[in-house]
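Please look through the sequence and the model together, and keep both at hand while reading the paragraphs that follow.

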Amino acid sequence: MNPTLQPVFDEILARNPGEAEFHQATRELLDSLGPVVARHPEYTDAAIIRRVCEPERQIIFRVPWVDDAGQVQLNRGFRVEFNSALGPYKGGLRFHPSVYLGIVKFLGFEQIFKNALTGMPIGGGKGGSDFDPKGRSDAEVMRFCQSFMTELYRHIGEYTDVPAGDIGVGGREIGYLFGQYKRITNRYESGVLTGKGIGWGGSLVRTEATGYGTVYFANEILKARGSSFEGKTVIVSGSGNVAIYAAEKAIELGATVVACSDSSGYVVDEKGLDLDLLKEVKEVRRERLSSYAEARESARFVADGRVWDVACDIALPCATQNELDGDDALTLVRNGCTVVAEGANMPCTPEAVKVFADAGVAFAPGKAANAGGVATSALEMQQNASRDSWSFAHTEARLEEIMVGIHARCLETAETYGAPGNYVAGANIAGFIQVADAMLALGVI
């Protein structure tokens, strides 16, 4: 790390004890900024780097609700409004037992620069709760969401903070959250939440956007190397929205997707995943991947082991943070993997990223490769603001245009700052400079 930045990181560690994921995210950014502070002393003079690492606002609240047995349950809710230099805070809500302040801060921090890379006028934020929607009835999820929004509503708005979905928060949860917001405020403020249903203010392509965007970014990497998805073998981790639609777009571009995973294990299908069956199992029946293997003769389910053990040309980690470690990366390299694009937020550990760099594997960090989701959320905000609705083809074309632009910007910035071909450096520096310049223009606030 540049000696100028080490005191900044030491301060982050001291002010945010026990928040390992946040420490990891800030360290990754600071490691890239040495050439930037050398060229732009004004950022240091105005304490831009220190300020960008400190959230503008952190909100923690209790969420009491009643389960179907009549028992009072208690969860904790979070919203970290990290940086609004470029626009209203924008970022998802995650409902998962692992959620705590450090997770929300790491996600919100990443969101600042991811949103900046899209070129859209949106700041960065994130939120969620340690509530687990798995195994809960629709009525229980509704009561939780209504209690959660009863506090959150006072902190959000289409010009202030615009949440969306994330792990554990899909169309059902967004519907309940928006319904309660509308009930409390007496306003049909469509732009206050994104990821809404198509019939009541949502955007076509939003469900597919993160997965599609990741594959569009990976396709640009392949083009830069004189290659394409045609004939390639692909594996994805996860089996939620991001993984399913990354697989769908990869198949559309000529690849064979042979494996995906969930928390119970992974499935290998040498003939290529049957997406209709996978969607039926995960989106309709909400079952484990073993059900896919039971219904498909060419598939086998593996309860023990790692999806990264499956040989591939391209790996798309699309599940959760730190799911792919150094040993997994070594396995991928030995098996001939040449491209890794993060569909999830920070799914590769620092050790894995180093292995890829040393082996010459093209690695696309999540703040660039999975920006398609938030980009399409911003397109949803545009449609809401103009009381308009765009076609699937038009919205997807805009998404592809944004992802192609992000790729070009990352490559150009990496070249400019002495790290040619390094997508991590390119994404970090390009996103940071856009936010830093806006912060300078707005003064010390």
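Helix α9 passes helix α16 in a right-handed crossing. The contact between them is made by A209, T210 and G213 on the side of α9, and by G372, G373 and T376 on the side of α16. This is a predicted model, and every value given here was computed from it. In that model α9 and α16, the latter covering residues 372–385, pack with their axes 7 Å apart and at an angle of about 125 degrees. Because angles over 145 degrees would count as roughly antiparallel and those from 65 to 115 as roughly perpendicular, the arrangement makes α9 oblique to α16.

Helix α9, which spans residues 209–224, also packs against helix α17, which spans residues 392–416, and here the axes are 9 Å apart and the angle is about 45 degrees. The two helices α9 and α17 are therefore oblique to each other, and their crossing is right-handed. Which residues meet where α9 and α17 come into contact? From α9 the list holds A209, Y212, G213, Y216, F217, E220, I221 and A224, while α17 supplies F392, E396, L399, E400, M403, V404, I406 and H407.

If the neighbours of N75 within four places in sequence are left aside, N75 is in contact with F61, R62, V63, W65, S129, D130, F131 and F144.

Most residues other than glycine have a negative phi. Against that background, R286 has a positive phi of about 55 degrees although it is not a glycine, and M346, also a residue other than glycine, has a positive phi near 55 degrees. R286 is found in the loop between α11 (275–284) and α12 (290–295), whereas M346 has its place in the loop between β11 (339–341) and α14 (350–359). Are these two residues buried or exposed? R286 is exposed, because its relative accessible area is 59%, but M346 is buried, with a relative accessible area of 3%.

How many disulfides does a search of the whole structure find? The search finds zero. For C318 the reason can be followed directly, because its sulfur is 10 Å from the closest cysteine sulfur, which belongs to C348, and this is too far for a bond, given that a disulfide requires the two sulfur atoms to be within 2.5 Å. C318 counts as buried at 7% relative accessibility, and C145 is buried as well, with a relative accessible area of 0%.

Technical notes
Residues are numbered from 1 along each chain as its sequence is written. This is a predicted model: local features need pLDDT of at least 70, side-chain atom pairs count only at pLDDT 80 or more; totals for chains, interfaces and linings use all residues. Side-chain values use heavy atoms; hydrogens and water are left out. Buried means under 20% relative accessible area, exposed over 50%, partly exposed in between (1.4 Å probe, protein chains only). Contact means heavy atoms within 4.5 Å. Axes are lines fitted to C-alpha atoms, for helices over the stretch in contact, and angles run from 0 to 180 degrees between N-to-C directions. Helices (H or I, at least four residues) and strands (E, at least two) are DSSP runs, numbered from the N terminus. Angles under 35 degrees count as roughly parallel, over 145 as roughly antiparallel, 65 to 115 as roughly perpendicular and the rest as oblique. A crossing is left-handed if the near helix is turned anticlockwise from the far one by less than a right angle, and right-handed if clockwise.
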